[in-house]
Amino acid sequence: MNWNHYRFRSVWDLPAPPDTVYAVLARPEEYPRWWPQVRRTVLLDERTGVVRIRSVLPYDIVVTLAERRRDPAARVLETTLDGDLRGWARWTVTGHGTGGARALYEQEVEVRRPLMRRLAVPGRPAFLVNHRLMMRAGRRGLAAGLAGGLNTGRRDL
């Protein structure tokens, strides 16, 4: 087993139409407004940005995101990640219930940050909980933002 390899899958049921949810997720520069653990997003160009993330554990993760797929018709957003993590992440948004949306987040990464690699075996349970808490806070933040009229104006990454 590669202790530095992770696969994540999260499902967020949200109280907004799928196109609205997709429009918000398509604007990563706005994530810090509604996702507390996404501390900073800096766009480098139309398809690339740098994100600084910090959840419960006392360390920041910095990754460069590069857009790999943007498909509004299928409501799919996919990026490659490089930096402290290397791999990919994907959002797929579908309809759910009456007028709501389901956002599926999938991620497959290899940890590259030296300290996290050294702590791979003893730290893995804490890293998994850290990620779970971050995703839960993201879902809550997005749901609250959507209920509060979060700006869904479109802007490409």
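Which residue of strand 7 is the bridge partner of Gly-95? The legends below cover this and other close-ups of a predicted model.

**View 1. Strand 6 and strand 7 pair in the antiparallel sense.** Ala-101 of strand 7 is the bridge partner of Gly-95. The pairing of strand 6 with strand 7 (residues 100-111) runs over 12 bridges. These two strands form a hairpin with three residues between them. In that hairpin, Gly-97 takes a positive phi near 70 degrees.

**View 2. Strand 5 and strand 6 form a hairpin.** One residue lies between the two strands. Strand 5 covers residues 76-83 and strand 6 covers residues 85-96. They run antiparallel and are joined by six bridges. Thr-79 has Ala-89, in strand 6, as its bridge partner.

**View 3. The largest cavity has a volume of about 620 Å³.** A search of the whole structure finds one cavity of 30 Å³ or more. Its lining counts 39 residues. Nearest the centre of the largest cavity lie Ile-53, Leu-81, Tyr-105, Gln-107 and Met-134. By residue class, the lining divides into 27 nonpolar, six polar and six charged.

**View 4. Strands and a helix contribute to the lining of the largest cavity.** At least two lining residues each come from strand 1 (5-14), strand 2 (38-43), strand 3 (48-53) and strand 4 (61-71). Strand 5, strand 6 and strand 7 each supply at least two as well. So does helix 4 (120-147). Strand 4 gives the largest share of the lining, six residues.

**View 5. Asp-19 forms a salt bridge with Arg-75.** The closest N and O atoms of the pair are 2.7 Å apart.

**View 6. Met-1, Trp-3 and Val-121 form a nonpolar patch on the surface.** Together, the three residues have about 350 Å² of accessible area. Val-121 lies in helix 4.

Definitions and conventions. Residues numbered from 1 in each chain as written. Predicted model: local features only at pLDDT ≥ 70, side-chain atom pairs only at ≥ 80, totals over all residues. Heavy atoms only, no water. Pairing = 2+ DSSP bridges. Helix = DSSP H or I, 4+ residues; strand = E, 2+ residues; numbered from the N terminus. 1 Å grid on protein atoms, 1.4 Å probe; cavity = no way out; pocket = protein on both sides within 12 Å on 5 of 7 lines; lining within 4 Å. Points joined across faces, edges and corners; volume = space filled by probe spheres on them. Nonpolar A, V, L, I, M, F, W, Y, C, P; charged D, E, K, R; others polar. Patch = residues over 30% accessible without salt bridge, like charges linked within 9 Å, V, L, I, M, F, W, Y side chains within 5 Å. Areas by Shrake-Rupley, 256 points an atom, 1.4 Å probe, with all protein chains shown as cover. Salt bridge = Lys/Arg side-chain N within 4 Å of Asp/Glu carboxyl O.
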